[in-house]
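These are my notebook entries on one structure, kept in the order in which I looked things up.

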Amino acid sequence: MNHRLRLNGNPFHYSNSNLQRVSVKLLPPPLFYIATNDTVGDATIKGAELEVVALPAEGLRVRGSLGYLDTKYDRFQVRVQVPGAPAGVVNIVDNSAFRFPFSPKWTASASVEYDVTLGDAGGLL
């Protein structure tokens, strides 16, 4: 197509161990909370991205992209203080069914750009 169409693709697969997440803990009375980073488990992230860039006419550029993301906690265990129990008495809570934050399954974008030449003054995009 005379170098007027470009297609980029990127499949990926990550295995994360010793994943950290922010957790909120209750401090003894008076009631205060503290946020800390804790190592909570392992996760698998896989997906693919596809991008298309077309130059259909002089100065015109059309872009589009599509992304797929599959995130899964393989293990996500959190230590939770048992209410009313002495300090150090905790339950291990399995949160592996939770979704990853800020990780949509599908993403898409599109844009159209047109360059205008203004003679010796430069141009506009």
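**Entry: basis of the values**

I noted that this is a predicted model, in which local features need pLDDT of at least 70 and side-chain atom pairs count only at pLDDT 80 or more, while totals for chains, interfaces and linings use all residues. Residues are numbered from 1 along each chain as its sequence is written, and side-chain values use heavy atoms, with hydrogens and water left out.

**Entry: the chain as a whole**

I looked up the secondary structure, where helices (H or I, at least four residues) and strands (E, at least two) are DSSP runs numbered from the N terminus. The protein chain has 7 strands and 0 helices, and its elements follow the order β-β-β-β-β-β-β from the N terminus on.

I then looked up the dimensions. The C-alpha trace spans about 80 × 35 × 20 Å along its principal axes. The radius of gyration, taken over C-alpha atoms, was set against a globule rule of 2.2 Å times the number of residues to the power 0.38. The protein chain has 25 Å, whereas a compact globule of 125 residues would have a value near 14 Å.

Of the 125 residues, 14% count as buried. I recorded an accessible surface of about 9500 Å², with 59% of it belonging to carbon and sulfur atoms; such areas come from the Shrake-Rupley method with a 1.4 Å probe, and for residues only the protein chains shown count as cover.

For contacts I used heavy atoms within 4.5 Å. Among those between residues at least 6 apart in sequence, 55% join residues at least 24 apart.

**Entry: the nonpolar core**

Which residues make up the largest nonpolar core? A core here is a set of buried Ala, Val, Leu, Ile, Met, Phe, Trp, Tyr and Cys residues joined through side-chain atoms within 4.5 Å. I listed 9 residues for the largest one: Phe-12, Leu-19, Val-40, Ala-43, Ile-45, Tyr-73, Phe-76, Val-78 and Phe-100. At least two residues of this core come from each of strand 1 (5-27), strand 2 and strand 3 (60-81). In soluble globular proteins, nonpolar side chains tend to be buried together.

Not counting residues up to four places away in sequence, Val-40 touches Leu-19, Arg-21, Arg-75, Phe-76, Gln-77 and Val-78.

I found Thr-44 in strand 2 (residues 32-57). Thr-44 counts as buried because its relative accessible area is 15%. For polar contacts I took pairs of N or O atoms within 3.5 Å; within protein, one must be able to donate a hydrogen and the other to accept it, and residues adjacent in sequence count only if both atoms are side-chain atoms. The side chains of Thr-44 and Asp-74 make such a contact at 2.7 Å. With neighbours within four places left aside, the contacts of Thr-44 include His-13, Tyr-14 and Asp-70.

Ser-103 lies in the loop between strand 4 (90-94) and strand 5 (106-114). I recorded Ser-103 as buried, because its relative accessibility is 14%. A polar atom of the Ser-103 side chain lies 3.1 Å from the backbone oxygen of Pro-101. Beyond four places in sequence, Ser-103 touches Leu-69 and Thr-71.

**Entry: positive phi**

Phe-102, also found in the loop between strand 4 and strand 5, has a positive phi of about 55 degrees although it is not a glycine. Asn-18 has a phi near 55 degrees and lies in strand 1. Asn-18 is exposed, with 53% relative accessibility.

**Entry: salt bridges**

I took a salt bridge as a side-chain nitrogen of Lys or Arg within 4 Å of a carboxyl oxygen of Asp or Glu, and the count comes to 5. Arg-61 pairs with Glu-113, the closest N and O atoms being 2.9 Å apart. This pair links Arg-61 in strand 3 to Glu-113 in strand 5, 52 residues apart.

Glu-113 also meets Arg-63 in a salt bridge at 3.6 Å, N to O. Arg-63 lies in strand 3 and Glu-113 in strand 5, so this pair ties together parts 50 residues apart in sequence.

Methods
Buried means under 20% relative accessible area, exposed over 50%, partly exposed in between (1.4 Å probe, protein chains only).
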